[in-house]
Amino acid sequence: MAVIPEHKDILGQALAIGDCVVYPSMNSMAIGTVIKLNPKMVKVRRVGARRYGESNKYPADLAKVSGAEVTMYLLKHQSH
């Protein structure tokens, strides 16, 4: 049985699959969801991305976000 690694974001909050996070991407900020916890990195899928939307990021490069503004952003930018 594989042990699930525990990663924490830059603010010290524990990250889990399905969490909404912001992260740097090509001189900009991106919003994505955690889709996999690897031993050293976290795989994130960018919200609304149709191609090339997944990337591995170090936990210290992520910040977990929540709230009504994030919920509205996710509803507006989900890809179908």
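This is a predicted model: local features need pLDDT of at least 70, side-chain atom pairs count only at pLDDT 80 or more; totals for chains, interfaces and linings use all residues.
Five strands make an open sheet, and the order is E6-E5-E4-E3-E7, with antiparallel pairing. At the edges sit E6, residues 54–57, and E7, residues 63–64, and each of these pairs on one side only.

Let's look at the middle of it. Strand E3 covers residues 20–24 and strand E4 covers residues 29–37; the two run antiparallel and are joined by 5 bridges. If you want a landmark there, find Val21, whose bridge partner in E4 is Gly32. The hairpin of E3 and E4 has 4 residues between the strands, and in this hairpin Met26 takes a positive phi near 55 degrees.

On to the next pair. E4 is also joined to E5, residues 42–46, by 5 bridges, and again the strands run antiparallel. These two form a hairpin as well, with 4 residues between them. Two pairs are handy for finding your way: Thr33 stands opposite Arg45 in E5, and Val34 stands opposite Val44.

Now for the greasy part. The largest nonpolar core has 9 residues: Leu15, Val21, Tyr23, Ala30, Val34, Leu37, Val42, Val44 and Leu62. E3, E4 and E5 each supply at least two residues of this core, and E4 gives the most, with 3 residues. Apart from this core lies another one, of 6 residues, which include Val22, Ile31, Val47 and Ala63. Leaving out residues up to four places away in sequence, Val34 touches Ala16, Ile17, Gly18, Asp19, Val21, Val42 and Lys43.

How many salt bridges does the structure hold? There are 2. In general, side chains of opposite charge can pair when their charged atoms come close.

One of the salt bridges joins the side chains of Glu54 and Arg45, at 2.5 Å from N to O. Glu54 is partly exposed, with a relative accessible area of 41%, and Arg45 is partly exposed too, at 39%.

The other brings together the side chains of Lys64 and Asp19, at 3.5 Å from N to O. This pair links distant parts of the chain: Lys64 is in strand E7, Asp19 is in the loop between strand E2 (14–15) and E3, and they are 45 residues apart. Are these two partners buried or exposed? Asp19 counts as buried because its relative accessibility is 15%, under the 20% cut-off. Lys64 has a relative accessible area of 30%, so it is partly exposed.

Next, a charged residue without such a partner. Lys57 lies in strand E6. Lys57 is buried yet has no salt bridge, and the nearest side chain of opposite charge, Asp61, is 6.0 Å away. What lies 3.3 Å from a polar atom of the Lys57 side chain? That would be the backbone oxygen of Pro24. Setting aside neighbours within four places in sequence, Lys57 is in contact with Tyr23, Pro24, Met41, Val42, Val44 and Leu62.

And that brings us back to my opening question. Asp9 lies in the loop between strand E1 (7–8) and E2. Not counting residues up to four places away in sequence, Asp9 touches Leu15, Pro59, Leu62, Ala63 and Lys64.

One last stop, in the loop between E4 and E5, where you'll find Asn38. With a relative accessible area of 17%, Asn38 is buried. Beyond residues up to four places away in sequence, Asn38 touches Pro5, His7, Lys43 and Asn56.

Terms used. Residues are numbered from 1 along each chain as its sequence is written. Side-chain values use heavy atoms; hydrogens and water are left out. Two strands pair if DSSP finds at least two bridges between them. A nonpolar core is a set of buried Ala, Val, Leu, Ile, Met, Phe, Trp, Tyr and Cys residues joined through side-chain atoms within 4.5 Å. Buried means under 20% relative accessible area, exposed over 50%, partly exposed in between (1.4 Å probe, protein chains only). Contact means heavy atoms within 4.5 Å. Lys and Arg count as positive and Asp and Glu as negative; His and the chain ends are not counted. A salt bridge is a side-chain nitrogen of Lys or Arg within 4 Å of a carboxyl oxygen of Asp or Glu. A polar contact is a pair of N or O atoms within 3.5 Å; within protein, one must be able to donate a hydrogen and the other to accept it, and residues adjacent in sequence count only if both atoms are side-chain atoms.
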